[in-house]
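Have the model open beside this text.

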Amino acid sequence: MENEPLLNSLQTGFPETATVMGSDWPEMSIESTQLLEVIAKLKGSDDWDFNYLFCETCVDWKTHFTMVYHLSSTQYRHSMVLKAKVDREIPQIESLVKFYKTAEMLEREVYDLFGVQFLNHPDLRRLLLTEDWVGYPLRKDYYDPINMIKL
Amino acid sequence: MFSIENILNSFHKWLGSMLNQTNVMLIEMALIAFFAITLFAILGLVLVYLERKVSAFIQIRKGPNRVGPFGIFQTTADTLKLIVKESFMPDKVDKFLYQLAPFIVMITAMLLLAPIPFARGVQIWNINIGVFYVTAVSSLSVIGILMAGWASSNKYSLLGAMRSGAQIVSYELSAGMAILSIIVLTGSLNLQDIIASQENGWWIFKGHIPALVAFVIYIIAVTAETNRAPFDLAEAESELTGGFHTEYAGMRFALFFLAEYINIFIVCAIGATLFFGGWMPFHIGNWQAFNHVMDFIPSSIWFFGKTFFLILLIMWFRWTFPRLRVDQLLNLEWKYLLPISMLNLLVMTLIAIKGWHF
Amino acid sequence: MRNVVETTPEGNMVLNVGPQHPSTHGVLHLFITVNGETILNLDPNIGYIHRSIEKMCESLSYRQFIYSTSRMDYLSAHMNNHGCALTVEKGLQVEVPVRAEVIRVIISELTRLASHQLWWGSLAMDLGALSPFFYAFREREMITDIMEETCGARLTMNYIVPGGVMADIHPDFQRKVKEFIVQFKSKIGEYHELVTNNVIFQNRTKGIGILSKEDAISYGCTGPTARGSGLSCDMRKIYPYSAYKNIQFNEILETEGDSFARYMVRMREMEESVNIIEQLIDNIPEGEFLAKTKAVLKLPKGEFYTRLETARGELGVYIVSEGGTTPYRIKFRSPGFSNLSALNHMIKGHKIGDLVSVMGTLDLVIPDIDR
């Protein structure tokens with residue numbers, strides 16, 4: 001599906017969520033509690049068939065986190081961006097491991113660098129940093145006097 | 001004509017004219033020990049240099065070319081480095097076995113030098129069960145390897161040693177069968193008798209196709225027995241880092257390394273003796289004139305020429321083939337080589353009984 | 001007798017493969033649980049070479065950050081730069097000159113060839129055949145020479161910048177690339193003779209490390225790894241970027257999903273890359289090689305994502321801009337990271353020797369995974 005029809009069908013499929021056109025693909029913004037429900041619908045539906053999670057990351061907006069999921073369909077070749085707002089004080093969101101196996105590693109990375117807790121993740125451990133690392137480096141308020149070089 | 005046999009005989013006579021029988025024997029034993037160790041060292045140096053040059057030739061490189069003309073002193077320099085290197089021992093090893101293992105491997109390799117006929121009449125120990133002795137003693141080296149793997153307290157070493165154990169035990173059968181098929185033709189276990197029986201032609205030509213099959217099986221089996229690629233699973237540096245000698249360094253490692261090359265020399269020497277007539281020149285039946293011409297080449301040159309031909313063959317394998325996996329290795333032996341060599345032995349026996357060979 | 005090797009309660013052994021191990025090609029650390037020689041479980045422990053490039057890029061300007069991406073997947077440095085340049089250009093809405101686009105594609109394909117040749121040699125080395133490495137490097141050396149002349153470096157190359165390429169091609173560029181093509185075409189048969197048709201090699205790779213198409217999708221595998229499983233995922237074909245729009249080439253697909261299929265995909269991809277270069281090398285249009293851009297780049301507020309094909313698979317460059325001179329957040333979706341996550345699934349039940357062949361056919365570059 002091209003971007004325009006995809007945007008329209010997403011807007012009709014999810015009338016209560018905000019779906020707009022981003023720079024590349026349609027962008028849908030949801031609350032973190034809605035995630036599993038939305039993903040189940042996006043992946044399960046024959047019209048969309050978003051079976052391929054090609055990127056999962058997080059952005060720290062200082063007031064809240066945004067989990068960004070880039071989804072694609074290997075069948076229809078269309079892509080979309082799903083954004084879930086996560087509370088910064090209690091960063092918790094459901095894990096997508098049961099939908100996409102690649103999420104296991106990607107979520108470990110996000111947990112490692114942002115400290116977002118993924119509920120129902122089978123093996124949530126630090127990935128890149130050591131187990132005893134203090135803090136979450138990709139947060140905007142992270143400061144490390146030794147390892148960080150300010151330009 | 002140049003002949004080591006004559007030199008040795010006149011030396012023996014000269015000693016005998018000066019000293020009594022016991023002293024002659026003692027001196028000769030000391031000389032032989034010296035000779036064996038020297039040969040061990042020289043062979044190690046030459047074979048390592050050869051391997052590096054052969055691999056360089058195959059890999060479009062130059063190989064060692066800095067130390068001495070054509071880099072011939074490179075291996076000497078390497079050996080010096082290994083000798084002066086600190087021989088450290090990891091903390092958690094089983095100290096006694098760890099230190100003993102390289103010596104067992106090396107002593108086994110040295111013992112194997114005894115029955116090999118290097119030239120006409122030149123043999124350290126003319127034993128009437130020569131072939132049997134070689135097959136029996138060569139299987140001892142696996143004990144040294146298992147010892148090294150176990151004593152190192154390293155998982156990789158242990159895996160390597162276990163692989164090596166399974167491998168050598170299996171492939172000895174095929175090697176033994178291949179050797180046996182020549183034994184049934186000659187009817188003797190004495191290496192001198194085996195060579196004498198090839199007076200009118202080498203067994204590889206006289207024994208028809210079964211001899212050729214036996215030779216191919218022998219080469220495959222001994223490549224595996226000496227832990228050479230494509231059967232170098234015991235070392236397998238891309239899987240097990242160094243295999244059984246991961247924890248060894250300095251001269252202890254060098255002993256393993258040298259023993260490997262001596263073992264190659266020995267198995268190739270035995271192969272040359274059994275299939276290519278050892279020091280026996282290239283003779284064709286009763287072509288007297290041709291055989292006489294061939295006799296002018298000294299027997300030691302024939303022996304070393306054939307042996308090094310086989311060594312080059314094994315080196316060529318190493319630098320060409322990828323490594324087998326451990327289960328494929330055992331499959332190859334138990335499902336293919338062993339049945340084939342058994343059948344081959346039967347055919348060979350039939351040929352020997354009926355006298356169909358030349 | 002002393003217990004020399006600790007075991008798990010079930011009697012299995014945990015083996016540390018890496019971080020210093022000859023076949024992990026870098027500082028990858030794998031915990032493998034083995035029962036004898038059979039691998040029961042594999043747990044990758046990565047991060048030994050983590051430099052937090054994403055964090056560093058947040059304080060670098062849009063011109064500067066590109067250089068740190070050559071250090072991620074150092075074997076496809078140009079493709080990494082290309083991805084970043086495309087993303088920045090998308091934000092700035094700069095029109096790249098046609099000459100620059102063509103040069104970018106030629107350089108990218110040469111990089112792919114060099115990367116695949118290194119992979120071919122090191123795969124053979126992992127499997128115990130040491131000689132192919134030197135044959136691969138004989139041809140790779142010609143590419144590094146070309147790169148040295150045009151890009152000024154042999155390994156961590158920075159050539160593609162926002163707006164075009166950094167400098168014009170060297171006068172000898174076309175001649176040398178043609179020489180390389182002649183040499184490569186005469187030697188590719190040798191590659192196949194030496195390794196592909198070898199019985200031992202085929203036994204070591206066929207039916208090993210099978211990844212089904214469904215699993216490839218679920219694990220987010222890309223590049224030759226996924227194409228070996230029959231998943232069409234060549235970004236050059238699906239979302240053509242740069243000069244790939246105008247050239248004819250095939251997407252290489254194999255369906256078996258085993259190590260040999262992945263091997264064949266890369267081997268055939270090399271020939272396809274040569275085909276692409278041949279189409280372009282005589283048709284480099286005249287003109288500018290660098291578009292005029294402002295001295296200080298400022299991306300408008302927004303989010304920009306580019307997907308492109310490196311030698312290892314799909315690279316995603318995700319830039320979140322707040323309108324400043326530095327990216328607010330940048331994320332590199334690296335191909336090796338997802339491919340590595342499928343390794344445990346592929347290797348279960350195989351022997352230790354197979355770990356090496358499967359890892360070799362995944363073509364992992366560790367700085368790419370750790371970033």
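A:Glu27 has A:Val81, a residue of E5(A), as its bridge partner. This is a predicted model. The strands involved are E2 (residues 26-31) and E5 (residues 79-87) of chain A, which pair in the parallel sense over five bridges.

Now widen the view to the whole sheet. It is open and has five strands, in the order E1-E2-E5-E4-E3 (chain A). The pairing is mixed. Strands E1 (18-21) and E3 (52-60) of chain A stand at the edges; each has a single partner strand, so one side of each lacks a neighbour in the sheet. On average, neighbouring strands are turned by 20 degrees against each other, direction ignored. A helix packs on this sheet: H3 (residues 103-114) of chain A touches E3 and strand E4 (64-72) of chain A. The direction of H3 makes about 10 degrees with that of E3(A).

Next, move to chain B. Helix H12 (residues 250-276) of chain B has 27 residues. From first C-alpha to last it reaches 38 Å, close to the expected 39 Å. Of its 27 residues, 24 are buried. Just after H12(B) comes B:Gly277, with a positive phi of about 80 degrees.

What does the largest nonpolar core hold? It has 165 residues, and C:Phe65, C:Leu110 and C:Tyr263 have the most contacts inside it. H12(B) gives the largest share of this core, 17 residues. Leaving aside residues up to four places away in sequence, C:Tyr263 touches C:Trp119, C:Trp120, C:Leu123, C:Val195, C:Thr196 and C:Phe201.

Methods. Residues are numbered from 1 along each chain as its sequence is written. Chains are lettered from A and ligands numbered from 1 in the order in which they are written. This is a predicted model: local features need pLDDT of at least 70, side-chain atom pairs count only at pLDDT 80 or more; totals for chains, interfaces and linings use all residues. Side-chain values use heavy atoms; hydrogens and water are left out. Two strands pair if DSSP finds at least two bridges between them. Helices (H or I, at least four residues) and strands (E, at least two) are DSSP runs, numbered from the N terminus. Axes are lines fitted to C-alpha atoms, for helices over the stretch in contact, and angles run from 0 to 180 degrees between N-to-C directions. Contact means heavy atoms within 4.5 Å. The expected span of a helix is 1.5 Å times one less than its number of residues. Buried means under 20% relative accessible area, exposed over 50%, partly exposed in between (1.4 Å probe, protein chains only). A nonpolar core is a set of buried Ala, Val, Leu, Ile, Met, Phe, Trp, Tyr and Cys residues joined through side-chain atoms within 4.5 Å.
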